[in-house]
Amino acid sequence: MAPILKLVAQRVALSLLLLLMVSVLIFAGTMILPGDVAQSILGQSATPEALANLRADLGLNDPPVTRYFQWLWGALHGDLGTALTSGQDITTAIGSRLSNTMFLAFWAAAISVPLAIFLGLLAVRYQNRWPDKLISAFTLTSISIPEFLIGYVLMYLLAVKLRWFPSVAMINDSMSLGQKLNSIALPVTVLTLVVLAQMMRMTRAAILNVMQSAYIETAELKGLTMFKIIWRHAFPNSISPIVNVVMLNLAYLVVGVVVIEVVFVYPGMGQYLVDHVSKRDVPVVQACGLIFAAVYIGLNMVADIVSILANPRLRHPK
Amino acid sequence: MTKQLNYLALQAAMGRMSRREFLGRAAALGVTALGANTLLASAAKAAGPQKGGTIRIGIQGGSSADSLDPALAANATASSIGRLWGEPLVELDPMGGIWHRLAESYDASADARVWTFKIRQGVTFSNGKELTAEDVLATMERHSGEESKSGALGIMRGIKSMRAEGSDFIIELDEPNADLPYLLTDYHLLIQPGGGKDDPAAGIGTGPYILKSVEPGVRFVAEKNPNYWDDSLGHADTIEFIVINDDTARVAALQSGQVHMINRVPPRTARLVDRAPTIDVRETAGPGHYVFIAHCDKDPFANNDVRMALKYGINRQEMVDKILNGYGSIGNDTPINSSYPLFTELEQRTYDPDKAKFHMQKSGYDGSILLRTSDNSFPGAPDAAALFQQSLSAAGINLEIKREPNDGYWSEVWNKQPFCTSYWGGRPTQDSMFSTAYLSTADWNDTRFNNEQFDQLLYAARAELDEAKRTQMYADMSTMVRDEGGLVCPMFNSFIDGVSTEVDGWVDAKAGFELNNFYAPMKMWVKA
């Protein structure tokens with residue numbers, strides 16, 4: 001078991017190093033944004049005196065390196081600072097936004113991942129016959145249409161015309177789980193349509209690849225049913241590419257849903273980030289960037305580790 | 001027939017019949033749509049406001065970076081929410097003039113230099129504290145101190161001293177200003193207990209509602225303040241604001257019945273939205289204008305003939321038709337239009353390529369002209385720039401368009417580059433508009449307009465209490481800006497709001513901002 005632990009430890013250490021490097025990039029990136037925080041906060045109608053007062057107040061005159069280390073030190077202690085614009089504590093504000101994002105991502109993943117894998121298996125079972133073609137056509141169509149357009153079309157049909165679901169996916173703590181699910185029905189549907197194709201195509205391709213192997217032929221000759229062969233023999237051996245693409249899509253569901261959040265007015269991280277970018281609220285942008293990077297790196301690390309664990313050659317090196 | 005009509009009108013007013021259905025039935029009785037609408041309006045008033053229920057508003061212009069501190073308010077959401085929990089001393093009357101809020105009355109000395117505001121007695125803040133003139137004083141101090149970050153700082157600059165005496169709040173000005181009450185309608189100046197010096201973002205005031213849930217950029221819920229002093233305001237039990245910045249999503253929320261009213265219906269789709277039987281689109285003319293601004297002190301614009309060529313080379317009607325889709329009115333190269341109190345109509349300048357060509361040749365400049373624009377300078381600005389380019393090319397003038405990024409447009413391009421597209425929201429009076437942007441020493445003199453005579457007139461008009469004389473002075477000043485300034489003003493945009501027929505009590509206005517100067521949620525009621 002020791003070599004495995006070593007491998008996993010290496011992966012985790014590398015991920016942390018990567019995250020540190022990303023934090024430098026994020027900090028440097030936010031430094032070179034054009035425009036001025038004070039001007040953005042006070043808007044077009046600010047006087048020069050008000051601007052100067054606000055700039056001094058926000059500590060915008062300290063050197064960047066000092067500010068980076070102060071920020072990193074705070075972030076390591078779970079203190080992401082306070083928002084320049086509203087004066088709110090960022091950790092608290094992000095907490096509720098992040099949990100909203102996770103809620104949406106969770107339900108989108110809970111529906112799309114099993115569905116994609118099932119459709120992938122189905123496509124392999126009926127390879128090059130009409131179910132396969134139908135599944136491919138449908139998923140490729142849904143991934144080819146821009147997500148905001150799918151959003152608007154569904155909104156028009158299901159919210160404005162049929163009034164089945166609300167067009168505004170507003171959730172808050174006083175709602176029951178059922179109300180929340182009703183509220184996020186449309187964004188979850190759109191997200192499912194968007195991420196379905198890639199996972200389904202990868203599942204199909206990975207399994208078909210394995211299906212060429214000699215042991216599949218052996219299994220066939222033993223007289224196993226097609227579906228059993230796919231499920232018992234082909235799927236476990238193609239798990240690594242599938243997990244990789246699933247993790248990439250999960251990461252997308254957390255960090256890449258800004259457009260859907262805007263269209264459905266969902267109070268998630270993406271909307272929060274965009275609001276603060278446009279206001280030049282640098283501490284919030286940095287905090288969001290750091291969290292997004294952590295999610296991305298974390299999920300990729302999980303994918304790596306799962307691939308290692310799923311591969312006997314890596315599990316038992318000679 | 002009259003009896004039947006009145007009955008129908010009452011039914012419609014009570015919400016038992018849609019407005020459209022009523023109009024149809026009235027037409028069947030031989031009544032014109034105009035007459036029927038008037039009848040409906042008076043019946044609605046007769047039916048009276050109904051108490052209770054929840055009014056939901058989908059609002060554009062809010063962000064999770066917003067604060068509840070009224071000094072930092074800079075968008076429609078902040079202004080709307082501020083008016084739920086707080087009140088200013090005076091407010092713009094929707095029909096023009098001053099609407100007294102926390103100031104019961106006011107008086108000016110003969111030279112318009114000392115102003116006394118009588119503070120309403122027996123009003124309490126939502127934390128239980130009674131309103132005093134000291135609170136008013138402290139509030140004004142917070143907005144005017146050297147350290148102030150308030151958006152109202154510019155307005156407060158001309159104040160020499162302030163004091164509270166009993167129930168009076170007294171302002172002494174450096175220079176006379178007959179318009180002071182109008183300046184105090186500024187949306188930042190909400191009266192807070194102790195001036196809000198301890199906790200500016202507490203959201204505690206004397207307003208008709210009390211905030212219950214605050215999620216900046218997402219949702220605000222407020223409940224009726226049981227101790228509110230004015231019965232004519234605040235009919236619904238609960239008011240809920242949902243920030244919906246996406247245009248399509250906002251319209252869809254109104255269409256699907258999730259909200260009762262929205263602001264800023266996109267002009268392109270407004271007529272389509274109005275077709276729905278349950279929605280009325282309301283247009284309110286305002287002082288906001290979409291403009292092209294040239295610096296009068298930079299070449300080639302330093303030559304007035306170049307500026308005149310630009311002014312003659314713009315097709316104003318086409319801009320109103322294509323950029324505003326008809327929801328607006330044509331401009332006349334002055335920032336003043338009929339929504340200002342002492343407005344005089346000037347001779348309308350029209351598109352004349354020959355005159356444009358003449359002025360351009362007279363100026364001796366034959367190079368091309370660089371115009372900077374971005375999408376957020378005003379909606380459709382790049383399209384407007386392209387239209388301008390075409391109308392100028394008919395006069396043989398070559399306009400080059402440079403697209404600038406939205407980010408940083410207001411800090412890097414506007415008020416820095418010699419010629420760009422821009423937007424002005426307007427001000428309540430001529431004096432404040434001219435002092436903000438056309439006085440030679442103003443910080444935001446974004447056309448670098450430097451005219452000694454104009455400056456003198458501006459100061460003289462402030463001290464002039466004779467209305468006829470002031471009106472003439474403002475007309476003269478408008479003429480100066482129009483004929484010598486760097487402002488090319490093709491259009492004034494209207495506010496376009498969408499209102500569901502489930503709520504009633506809309507008041508047509510000719511002053512103020514969108515959603516009935518942000519008072520629609522409080523003036524309207526849910527139909528029983």
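**View 1. Confidence of chain B in the predicted model.** Chain B has an average pLDDT of 88, and 91% of its residues score at least 70; pLDDT is the predictor's confidence in each residue, from 0 to 100. For the complex, the predictor gives an ipTM of 0.76 and a pTM of 0.80. Because the model is predicted, local features need pLDDT of at least 70 and side-chain atom pairs count only at pLDDT 80 or more, whereas totals for chains, interfaces and linings use all residues. Residues are numbered from 1 along each chain as its sequence is written, and chains are lettered from A and ligands numbered from 1 in the order in which they are written.

**View 2. The side of chain B that touches chain A.** Here 37 residues of chain B are in contact (C-beta atoms, placed from the backbone, within 7 Å) with 42 residues of chain A. Two or more residues each come from α6 (153-156), α8 (247-255) and α14 (409-413) of chain B. Of these elements, α8(B) gives the most, with five residues.

**View 3. The largest nonpolar core.** This core has 178 residues; such a core is a set of buried Ala, Val, Leu, Ile, Met, Phe, Trp, Tyr and Cys residues joined through C-beta atoms within 7 Å, where buried requires 20 or more other C-beta atoms within 10 Å of the residue's own. Helix α9 (residues 185-211) of chain A contributes its largest share, 14 residues.

**View 4. Surroundings of A:V265.** A:V265 is among the residues with the most contacts inside the largest core. Leaving out residues up to four places away in sequence, A:V265 touches A:V168, A:A169 and A:M170, together with B:I242, B:I244, B:D246 and B:A249.

Note on methods:
Contact = placed C-beta atoms within 7 Å. Helix = DSSP H or I, 4+ residues; strand = E, 2+ residues; numbered from the N terminus. Buried ≥ 20, exposed ≤ 12 C-beta atoms within 10 Å, placed from the backbone.
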